[in-house]
Amino acid sequence: MSELEFPKSRTKLPHYLTYDESIKLLQNIDGEFRTRDFCIIMLFLNCGLRVSELCGIDIGDIKEEALRVLGKGQKERVVYLNEAAQDAISSYLEERSKVTNIRQKDEKALFISKKGNRISTSTVKWLVKKYCSFAGLDSKISVHKLRH
């Protein structure tokens with residue numbers, strides 16, 4: 001009996017947003033940094049990025065319809081962008097080009113905070129919580145759940 005193998009237990013499927021919830025979330029993005037925040041959430045929903053991958057994106061990592069991201073363990077991978085993600089990035093880049101307070105060390109960063117620094121993971125997590133709340137979605141939704 002001691003040599004018998006037990007069957008593997010089932011793992012729970014990850015919680016994710018439905019299509020309608022995703023649309024509702026995107027429609028509730030507003031404010032001074034609407035274009036940036038819309039682009040951030042659009043990339044989460046369409047590309048399956050980790051929050052650290054998103055915050056680490058540089059402008060030079062965007063090549064037409066592909067995005068180079070540096071993931072866990074410094075592994076590099078390419079994520080292909082759909083038309084909606086490409087449009088969101090284009091709109092944001094146009095707005096970003098008008099920002100004048102970008103710190104020199106962060107001038108290559110795609111996403112910039114109000115203070116001119118590369119956006120932090122905690123800021124992105126806060127943004128997701130804020131917009132999920134505005135959209136009336138489950139308060140347990142996190143950046144990781146948007147990834148799914």
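**A walk through the model**

Reader: I'm new to this one. Which helix does Glu-53 lie in?

Author: Keep in mind that this is a predicted model. Glu-53 belongs to the helix that covers residues 51-55. That one is helix 3.

Reader: Is Glu-53 buried or exposed?

Author: The cut-off for buried is under 20% relative accessible area. Glu-53 has a relative accessibility of 1%, so it counts as buried.

Reader: And which side chain makes a polar contact with the side chain of Glu-53?

Author: Leaving aside neighbours within four places in sequence, the contacts of Glu-53 include Gly-48, Val-69 and Leu-70. The polar contact between side chains is at 2.6 Å, and the partner is Arg-77.

Reader: Back to helix 2: how far apart are its end C-alpha atoms?

Author: Helix 2 has 14 residues, at residues 34-47. At 1.5 Å a residue it should span 20 Å, so the value in the model agrees: 19 Å.

Reader: How many residues of helix 2 are buried?

Author: Among the buried ones are Ile-40, Ile-41, Met-42 and Leu-43. Helix 2 is largely enclosed by the rest of the structure, because the buried count out of 14 residues is 10.

Reader: Which residue takes a positive phi in the hairpin of strand 2 and strand 3?

Author: This hairpin has five residues between its strands. The positive phi is near 65°, and the residue is Gly-73.

Technical notes. Residues numbered from 1 in each chain as written. Predicted model: local features only at pLDDT ≥ 70, side-chain atom pairs only at ≥ 80, totals over all residues. Heavy atoms only, no water. Helix = DSSP H or I, 4+ residues; strand = E, 2+ residues; numbered from the N terminus. Expected span 1.5 Å × (residues − 1). Buried < 20%, exposed > 50% of the residue type's maximum accessible area, 1.4 Å probe, protein only. Polar contact = N/O pair within 3.5 Å; in protein donor to acceptor, adjacent residues only side chain to side chain. Contact = heavy atoms within 4.5 Å. Pairing = 2+ DSSP bridges.
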